[in-house]
Amino acid sequence: MEDLYKEYVGKLPGKILNDMEKEAKVRDLKPAQVKKVLEYLIEQYNQAKIDPGEAIGIITAESFGEPGTQMTLNVFHFAGVAEVSVTQGLPRLIEILDARKTIKTPSMEICIKKEFAKEPTQVKKVAAQIKETLLKEVAEEFNINVSKMQLEVKLNKARIKEIKAKPEDIIENLENAIKKISIKKTDEGFTIKPEESSDHELMELYKLKEKLKETYIKGIKGITHVLPVKRGSEFIIITAGTNLADVLKVPEVDSSRTSTNDLHETAKVLGIEAARQTIINEAGKVIEDQGLDVDIRHILCIADTMCRSGVIKGITRSGITGEKKSVLAKASFETPLPHLVNASLLGENDELNSVIENVMLNQPVPLGTGLPDLVAKMGPKSIKKKQTEKKEESKK
Amino acid sequence: MSNKTDVYMREVFIGQVDSPEEFIKKVKQERREGKIPEILNINYNKDLNEIIVEVSRGRSRRPVIIIENGKSKLTEDHVKKLISNEIKWSDLKKEGVIEYLDAAEEENCFIALSEDQITKEHSHLEISPILIMGLTTSIVPFSNYGQSARLNRGSKSQKQSLGLYASNYLIRIDTDANVLHYPANPIVKTCNSNIAGQENHPAGQNLVIALMSYEGYNMQDSLILNRGSLNRGMGRSTYFKPYSVEELRYSGGLSDRICVPDKEVKGYKAEEDYRLLEEDGIVYPEATITESDIIIGRTSPPRFLGEMDEFSISANRLRDSSVKIKPGENGKVDMVVVTDNEEGNRLVQLRIRHDRIPEIGDKFASRHGQKGVVGLMVPQQDMPFTVSGITPDLIFSPHSIPSRMTVSHLIEAVAGKAGALSAERVDASAFSNKSEESLREMLSEMGFREDGTERMVNGITGEEFEAKIFIGNMFYLRLKHMVGNKLHARGAGRIQLLTRQPIEGRAKGGGLRLGEMEKDCFVAHGASLLLKERFDSDRTVVPICSSCGLIAVHDVFRKKTFCHRCGGNVEVNNVEMSYAFKLLMDEIRSMGIIPNVKLKNKY
């Protein structure tokens, strides 16, 4: 029996073989029967394969392009009052396919470990911890004391308790963030005094106040908003802003299910395969949200092409399209002149092996009916022989 | 801050008042009495505590009836006098019954929609709720039953409809004029129909329509017409097209001459081609002309004086610049006018007339934004008919109704039917039309099914349809878009000089572009060779020098091929490519980049 399966390794994908093995055991099939099924599987598998010369690239492009025309343009969608706004539709799809470095609305979906995810209060605590907190959010008042030339900050005690921060920690964080200040703790908060005095003390003090307001106190940098949401039976946290590496360090976070919509960050933290999966998920989400239907294989094709080199490359002139071998193909897609100039400087050679160059030259495109050719092998001798034959014929 | 209110006029501060309400009351009172110009409008902004007086041009204003002490100033007496033409609109204005408000003054007013809604607080009364619509939209019947987007389209359709656009059309020369042959006054009208001139300039016909599918030729907004009705003149129209020719004057005292050209003239066509011209070089009226016939003969002096050089045998040879009718057009010469234009040049204007009988592809529309194109014309004997023997003129697809929600379309059919049977016009004004119930009553009183459906028989098989068919009378418009003006196809033809690709546009007999996205479709289907064939329109054979890869020269006269760079002793191969690519190579070369073509034996 084992040998029988070994025979088919390479002919059928591993997963199908494994499934077959399991099913055969359950159904208690005889080797002859197994062989019959496997032969049938091979037939079906080969039929499901894409034919040689099928233009999958253009079919994929059309499969994205046509529904793209139906997408709502530039609409920010708020489902519910408190929901985080996320770029959707065509702008988001363009963002993904171009593999933009900075995206319009970075966002994370943080899953909490099962033992914490059931209780909303616990999830809220985790969310408060994760959220990036600035001084202005915990301070009640900022006063400029002109007589003493110092800033007096009054803290909101309740807020501080909520985010589990001590005034001492806040002072330490502030000291780390802003140089040349001395901070003294008071009953209500603390006072801040610049160490050096200058001529424009009041101005400096005012500037310091504005700077202090935006100073980071606690939480994870980059996560500007958190929103606990019930998804199925458990609670998850949706965020605005992303910082995958730091979020994964939080002990309550389930690191195996937490994700961000930033492709490059995913690639940096989790690797290229995770980035590929993110492309598939994100592109799929856009298409599903718009109520459109694009076959998953087209998305897979795009994601694979973008991640093929180990680095995410967008479908732009600096990305995948710029990697094309043919000068003419590159020139036909965005900014033709620089491509032609560069090609002439380097003395590039266009082998005319792809589609668009051949359309330009009005030659059969090497796809579909244009792919197969009659091949007669002719060495240099046979060519010369033919030429002499022709000459003789013409002489006659 | 003072508690006085600032007053601005024409955006300039002019003073302050103590009590704004009283001030405005006084201004309005004086305006109604005629002491202040009627064009003045006044607005009080409570939040900013300022009064803005407007007298400038370009504000849109609308008339409303004034209410005083909870009573409309328009009395029964006024209405009676208006009907009997004793007083006019301007009298109402003078009397202070009606005043015009602009958008700003309207903010301070409280306008009642109808007379029975009036309370003490109301300051004005709406003349009629139909005024929320413009003139063309308000002649859409039963528009309060229709979807707003469809009303817009309905009024757009009416602007494109054929009718009697001017009663002196016979002595006018308009570009692209159409006249409908038997225009009719609609049975179902709104109160604004006559204001829009539908009585004297009707633009459509009352047809019997059935709401059903038939042979599948009315799907996706296409229509089926009754050939019998067409033969009786339904939807026929005449298309007028002007041509004008001028005797231009050139430098040196030379000028064009309208005449039958001599045989010596350069560019003379066959004698046969000038057969329609009379002695003066102009076609005779009522001449039947077909495609590319010459309608005016004209000779022009040579284009360059150099053409009159001593070598030519007959010096000063004239050119033929006769005017042909445009390709694809035909008809009869309707009128010939010979005059002088502003510059004193002789001017000949012709008008071609062509009867347009509806054909497959012509556009028709109801007044509800339901437009469609003729898909089939069925002989009358094959049309379905009701048990009482009525055949519809037009069959309309029921699928056009649900998604577009044009309930008004259906109600018009019922109203038209009731109106036609009882020989009276039906009022279909928005918000004040004849009610659906009374229409149903009218129908059932005359012995018809009240919902407008009838038993009908299939004209082809003679079997009765299982379903009751909705049938009624509707006012249908023939729109000016006719296939005769739009149909276009070509095989070989004129090409562009630069790219050698076919020229663009129907008027020039251009090609139909297979664009980038269409190309992608061919590629996606793998139809590689078909794609090549489609793009063969600018195919050229270019001789290429095999040693340097540049374009070589093929000298036909000396039967020699040579390369400008490598001389005559090289192998030159002919390569087939698109002319556009050869042009690209030439242009790249003109920038100082050498594109080499490296030839390789493919097999």
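Modeller: Let us begin with the counting rule for charge, in which Lys and Arg count as positive and Asp and Glu as negative, while His and the chain ends are not counted. Please keep in mind that this is a predicted model.

Colleague: How many positive and negative side chains does chain A have, and how far apart do the centres of the two sets lie?

Modeller: Chain A carries 62 positive and 61 negative side chains, and the centres of these two sets are 3 Å apart.

Colleague: What are the helix and strand counts of chain A, and why is the chain described as more spread out than a compact globule?

Modeller: There are 19 helices and 10 strands in chain A. Its radius of gyration is 32 Å, well over the 21 Å that the globule rule gives for 396 residues, so chain A is more spread out than a compact globule. Along the principal axes, its C-alpha atoms fill a box of roughly 120 × 70 × 40 Å, and buried residues account for 37% of the 396 residues.

Colleague: In what order do the strands of the open sheet in chain B run, and which of them stand at the edges?

Modeller: The order is β10-β14-β22-β21-β16, with antiparallel pairing. At the edges stand β10 (177-180) and β16 (288-289) of chain B, each with a single partner strand, so one side of each is left without a neighbour in the sheet.

Colleague: Over how many bridges do β21 and β22 of chain B pair?

Modeller: Strand β21 (residues 331-340) of chain B pairs with strand β22 (residues 346-356) of chain B over 8 bridges, in the antiparallel sense; B:M335, for instance, has B:R351 in β22(B) as its bridge partner.

Conventions: Residues are numbered from 1 along each chain as its sequence is written. Chains are lettered from A and ligands numbered from 1 in the order in which they are written. This is a predicted model: local features need pLDDT of at least 70, side-chain atom pairs count only at pLDDT 80 or more; totals for chains, interfaces and linings use all residues. Side-chain values use heavy atoms; hydrogens and water are left out. Helices (H or I, at least four residues) and strands (E, at least two) are DSSP runs, numbered from the N terminus. The radius of gyration is taken over C-alpha atoms; the globule rule is 2.2 Å times the number of residues to the power 0.38. Buried means under 20% relative accessible area, exposed over 50%, partly exposed in between (1.4 Å probe, protein chains only). The place of a charge is taken as NZ of Lys, CZ of Arg, CG of Asp or CD of Glu. Two strands pair if DSSP finds at least two bridges between them.
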